[in-house]
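Trainee: I am new to this structure and would like to be walked through it slowly, one question at a time. Could we put it on the screen and begin with the charged side chains?

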Amino acid sequence: VLNLLNYRITNSRIKINTCLDETLSIKGYENSFSRIFLNIFLNAIEELESIDRKKKYININLFRKKKVLILKVQDNGMGISKNVIGEIAFCTEFCER
């Protein structure tokens, strides 16, 4: 997904920092995961493009905690307002059903 966004990331001078456990793999619907990751990264990129900041970054961490894989994405944008954050929901099942 990051390869698809490389031009925009480079053009916007955003630094991507990754800390990925290369031994992990995700089993499931590749297209669904790609869409989810694309939306997450696009939101971070759009936020960073909208602000005037010399250093812009997105940190991506993937790790296992017991039997759960955790993907942590953090940027140095303005953040999500409190009135919107409660409306965000993540689907743990196949979302297109």
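Trainee: Which residues are linked in a network of salt bridges?

Mentor: Please keep in mind that this is a predicted model, in which a search of the whole structure finds 2 salt bridges. In one of them R8 pairs with E46, with the closest N and O atoms 3.8 Å apart, and in another the side chains of E49 and R8 meet at 2.8 Å, N to O. R8 takes part in the pair with E46 and also in the pair with E49, and the network is made up of R8, E46 and E49.

Trainee: How many residues apart in sequence are the parts that R8 and E46 tie together?

Mentor: The salt bridge between R8 and E46 has its closest N and O atoms 3.8 Å apart. R8 belongs to helix α1 and E46 to helix α2, so the pair ties together parts of the chain whose separation in sequence is 38 residues.

Trainee: And how many residues apart are E49 and R8, the other pair?

Mentor: The side chains of E49 and R8 form a salt bridge at 2.8 Å, N to O. This pair links distant parts of the chain, with E49 in helix α2 and R8 in helix α1, and their separation is 41 residues.

Trainee: Is R8 buried, partly exposed or exposed?

Mentor: The class rests on relative accessible area, where buried means under 20% and exposed means over 50%. The value for R8 is 31%, which means that it falls between those cut-offs.

Trainee: What reach does helix α2 have from its first C-alpha to its last?

Mentor: Helix α2 runs over residues 30–49, which is 20 residues. At 1.5 Å a residue the expected value is 28 Å, and the helix comes close to that, with a reach of 28 Å.

Trainee: What pattern does the chain follow when it is read along the sequence?

Mentor: The chain has 3 helices and 3 strands. Taken in order along the sequence, these elements give the pattern α-β-α-β-β-α.

Trainee: With which residue does the side chain of N59 make a polar contact?

Mentor: N59 sits in strand β2 and is buried, with a relative accessible area of 17%. Leaving aside neighbours within four places in sequence, N59 is in contact with N17, K72, V73 and Q74. Among these, the polar contact runs from side chain to side chain at 2.8 Å, and the partner is N17.

Trainee: Which residues is I70 in contact with, leaving aside its neighbours within four places in sequence?

Mentor: I70 is part of strand β3, and with a relative accessible area of 25% it is partly exposed. Once those sequence neighbours are set aside, the contacts of I70 are N61, L62, F63 and K65.

Trainee: What is the phi of R13, and where does that residue lie?

Mentor: R13 is placed in the loop between α1 and β1, and at 71% relative accessibility it counts as exposed. Although R13 is not a glycine, its phi is positive, at about 55°.

Trainee: In which loop does K66 lie?

Mentor: K66 also has a positive phi, near 60°, in a residue other than glycine. With a relative accessible area of 77%, K66 is exposed, and its place is the loop between β2 and β3.

Trainee: Which residues make the nonpolar surface patch?

Mentor: The chain as a whole exposes about 8100 Å², of which carbon and sulfur atoms supply 52%. The patch covers about 260 Å², and one of its residues, I80, is in the loop between β3 (68–75) and α3 (82–85). The residues that make the patch are I80, V84 and I85.

Notes: Residues are numbered from 1 along each chain as its sequence is written. This is a predicted model: local features need pLDDT of at least 70, side-chain atom pairs count only at pLDDT 80 or more; totals for chains, interfaces and linings use all residues. Side-chain values use heavy atoms; hydrogens and water are left out. Patches are made of residues with over 30% relative accessible area and no salt bridge: like charges are joined within 9 Å, nonpolar side chains (Val, Leu, Ile, Met, Phe, Trp, Tyr) within 5 Å. Accessible areas come from the Shrake-Rupley method with a 1.4 Å probe; for residues, only the protein chains shown count as cover. A salt bridge is a side-chain nitrogen of Lys or Arg within 4 Å of a carboxyl oxygen of Asp or Glu. Helices (H or I, at least four residues) and strands (E, at least two) are DSSP runs, numbered from the N terminus. The expected span of a helix is 1.5 Å times one less than its number of residues. Buried means under 20% relative accessible area, exposed over 50%, partly exposed in between (1.4 Å probe, protein chains only). Contact means heavy atoms within 4.5 Å. A polar contact is a pair of N or O atoms within 3.5 Å; within protein, one must be able to donate a hydrogen and the other to accept it, and residues adjacent in sequence count only if both atoms are side-chain atoms.
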